[in-house]
Amino acid sequence: MTQLYPLRFAPLYKSAIWGGRRFETVLGRNLGPQTDREPIYSESWEIADHPHGQSVVQNGPLAGTSLGQLTATRTEELLGPDHSGPRFPLLLKYLDANLRLSVQVHPDDDLAAQLGLDDTGKAEAWLVVEADPGSSIWAGFSRSVDRKTVQAAIREGSIDRLLYRFEPAPGDCLFLPAGTVHALGEGILVAEIQQASDSTFRLFDWNRRDHDGNPRTLHVERALQAIDYGQGPVTPLHPHRTKRAWVERLVESRQFVLDRLNLDSPQLAGGEGTCHVITILRGSAWVEGDVAAEPLQFGQTILLPACLGPITVKPGEDGPAVLMDAYLP
């Protein structure tokens, strides 16, 4: 049987009316020509094992193998002894918000099961890669509310006025637990790590229409069930120092841990008895055991199977590198 190694996957692109071309202009991807019907790309799923998107290995002897196949057949090697399938539990994506996203909320695991969804709940974290001056993020309630207050605001089309709003800057990180009402404003590119779920309930979509002139579907009743009415303002997180000087702890939750690695020399990454999902936020980096003959570039992602243990990662010739490292707790 082929030994597992650092795995690169082909990105999976999604199109929505709020997307743009930043995967091309910022991340250096080739998106192909624009067309009248699908000129924009809203999401790039980098690591995904889900009915709505299945990552496929791009490099080495396992090229062509899906992440779902690996999770099902080599579970412990991939995830570590403390974790199991049936799906790879994390999903990493980039979001290009050329226009603002809907005001939305995600269910937790219990509500997803109660509603009979073919999905888990969805907790997520955003790390801002690029933000235009004056752009906005809405996250959490700015004041005390109850269900009746929120229902009235939805009817009036003013739900955004109940939310905490701030102007993000590159490097900001937000943790959005399930139940947090939020919206990503226009002019922002983020890297997102989340539970492997595509469950989203829209409360308000700014009164806009899709390509065919129809209002986008809302999910108000389910959203009202999912909302955590006690969730106050969500603000950018303050990184915590760790025992390793190059590692900043951003999020430590029941669903995932998120670190930022600041590399100006070779260092160890991975290990902890679990898999690691790493994406490059600045610069480039060589990864020990990567069968590709080139470093990971800005915006590229790699999966380190648990069985590899700690491996060496070093910055490329273009200087210090910044990496986002997500793994299971």
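1. Two strands are taken to pair if DSSP finds at least two bridges between them. On that basis β2 and β5 pair in this predicted model, since four bridges join the two strands, which run antiparallel. Within this pairing, isoleucine 47 stands opposite leucine 92 in β5.

2. Strand β2 also has a partner in β1 (residues 12-14), to which three bridges join it, again in an antiparallel arrangement. Here tyrosine 13 is found opposite serine 44 in β2. As to burial, β2 is mostly covered, with five of its five residues buried.

3. The largest pocket has a volume of about 520 Å³. Its lining comprises 24 residues, of which Trp18, Glu43, Asp198, Thr200 and Arg202 are the closest to the pocket centre.

4. Which strands each supply at least two residues of the lining of the largest pocket? They are β2 (43-47), β5 (90-97) and β7 (124-131). By class, the lining of the largest pocket holds seven nonpolar, eight polar and nine charged residues.

5. The second largest pocket has a volume of about 400 Å³. It is lined by 17 residues, and those closest to its centre are Ser84, Arg87, Pro89, Thr120 and Gln195. The class composition of this second lining is seven nonpolar, six polar and four charged residues.

Notes
Residues are numbered from 1 along each chain as its sequence is written. This is a predicted model: local features need pLDDT of at least 70, side-chain atom pairs count only at pLDDT 80 or more; totals for chains, interfaces and linings use all residues. Side-chain values use heavy atoms; hydrogens and water are left out. On a 1 Å grid over the protein atoms alone, a cavity is a set of points where a 1.4 Å probe fits but cannot get out, and a pocket is an open set with protein on both sides within 12 Å along at least five of seven lines; lining residues have an atom within 4 Å of a point. Grid points are joined across faces, edges and corners, and a volume is the space filled by probe spheres set on the points. Ala, Val, Leu, Ile, Met, Phe, Trp, Tyr, Cys and Pro count as nonpolar, Asp, Glu, Lys and Arg as charged, and the others, Gly among them, as polar. Buried means under 20% relative accessible area, exposed over 50%, partly exposed in between (1.4 Å probe, protein chains only).
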